[in-house]
Amino acid sequence: MTPSKILTTHSSPVVAESVVNVPQAFAFETFTKQGTWWPMATHHIGEQPAVDVVVEPKSGGRWYEKAADGTECLWGDVLIYDPFARLVLGWHLNAKWEFDPEFVTEVEVTFTAVGPETTRVKIEHRDMEKYGADEEAVNRALRSEQGWPGMLKMYTEQASRK
Amino acid sequence: MLTIDSSVPASKFSALADPRRREIFESLVGGSRSVADIAREMPVTRPAVSQHLKVLMDAGLVRHRVAGTRHLYRIDPAGVGAIRDYLDALWRLALESFKQEAERAYSETKDQQK
């Protein structure tokens, strides 16, 4: 497969959308308290389990997980903090599933009030083509401990839940 | 309980759910191999290996090429597809978890106000 083929096949953004039965401001605030809902037991990048996920409440803030002993592992940064409508996060985890300051893909979360106690939450993770720009990196990811085996584990965990 | 939306492409999940198939898939991480290479190392017949490889190919996880008389199989380098699928599943999982927590916390807030 040529790189351009990979680009066209895989560059569409990842989109997840849900209607949540809470007011818009409540949805935004809960979303930024990621430690209350992120599936931390299975989804963390540090060696130890994460006990909190912090989104610093300002544009330019940091986005990181925290272990019980206080160790912090950066996931990325807060690009736009616009309460209560929009949050744009910079996801700095590369194809090897490591924090990489040079590598970034964007996660935009929008909160749209559809009623006084109803909010549409949309997550769009874009720049997927960046994962395909470097086939070598993807190949390395397939071999790395943190990358492929971790994904495999998640695939199988999900499969077993079905 | 966290569940994955049924619209998540299921083929990769189910293709890797079978332990033997996963073992075959992992044996390709080091490079291209033939059906005979794989069958030699595992207590599986060649037809069974072929069948597993077919499922992995259908799921887009493995590619096939012919070198002379040998049919070689390797992991699909478009692993980017796998990364995208992974992120897709991850955000669905996270969003569902967020929805449950937000609605739980909100009803708790309302109960306190009563």
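Colleague: Which way do β2(A) and strand β3 of chain A run, and how many bridges join them?

Modeller: Strands of a sheet pair through backbone hydrogen bonds, and the pairing can be parallel or antiparallel. This is a predicted model, and in it β2(A) and β3(A) (residues 62-67) run antiparallel, joined by 5 bridges. To see one of the pairs, find Val53(A): its bridge partner in β3(A) is Glu65(A).

Colleague: What is the order of the strands in the open sheet of chain A?

Modeller: The sheet has 7 strands, and the order is β1-β7-β6-β5-β4-β3-β2, with antiparallel pairing. At the edges are β1 (14-20) and β2 (50-55) of chain A, each of which pairs on one side only. From one strand to the next, the twist averages 20°.

Colleague: Through how many residues does the hairpin join β4(A) to β5(A)?

Modeller: The hairpin passes through 3 residues. On either side of this link, β4(A) (residues 72-82) and β5(A) (residues 86-91) pair in the antiparallel sense over 6 bridges. Look for Tyr81(A), which stands opposite Leu87(A) in β5(A). β5(A) also pairs with β6(A) (residues 105-115), again antiparallel and over 6 bridges. There, Leu89(A) has Val107(A) of β6(A) as its bridge partner.

Colleague: And which strands does helix α2 of chain A lie across?

Modeller: Helix α2(A) (residues 24-32) lies across β1, β2, β5, β6 and β7 (118-125) of chain A. The helix runs at about 150° to β6(A).

Colleague: Let's move to a helix in chain B. How many residues has α4(B), and how far does the helix reach?

Modeller: α4(B) covers residues 46-58, which is 13 residues. From its first C-alpha to its last, the helix reaches 18 Å, close to the 18 Å expected at 1.5 Å a residue.

Colleague: Which residues of α4(B) are buried, and which are exposed on the other side?

Modeller: Here is the general idea: an α-helix has 3.6 residues a turn, so residues three or four places apart point the same way. In α4(B), the buried residues are Val49(B), His52(B), Leu53(B) and Leu56(B). Seen down the helix axis, these buried residues of α4(B) fall within an arc of 100°, so they line one face. Pro47(B), Lys54(B) and Asp58(B) are exposed on the other side.

Colleague: What follows α4(B)?

Modeller: Gly60(B) follows the helix, and its phi is positive, near 75°.

Notes. Residues numbered from 1 in each chain as written. Chains lettered and ligands numbered in written order. Predicted model: local features only at pLDDT ≥ 70, side-chain atom pairs only at ≥ 80, totals over all residues. Pairing = 2+ DSSP bridges. Helix = DSSP H or I, 4+ residues; strand = E, 2+ residues; numbered from the N terminus. Expected span 1.5 Å × (residues − 1). Buried ≥ 20, exposed ≤ 12 C-beta atoms within 10 Å, placed from the backbone. Arc of directions from axis to C-beta. Axes fitted to C-alpha atoms, helices over the stretch in contact; angles between N-to-C directions. Contact = placed C-beta atoms within 7 Å.
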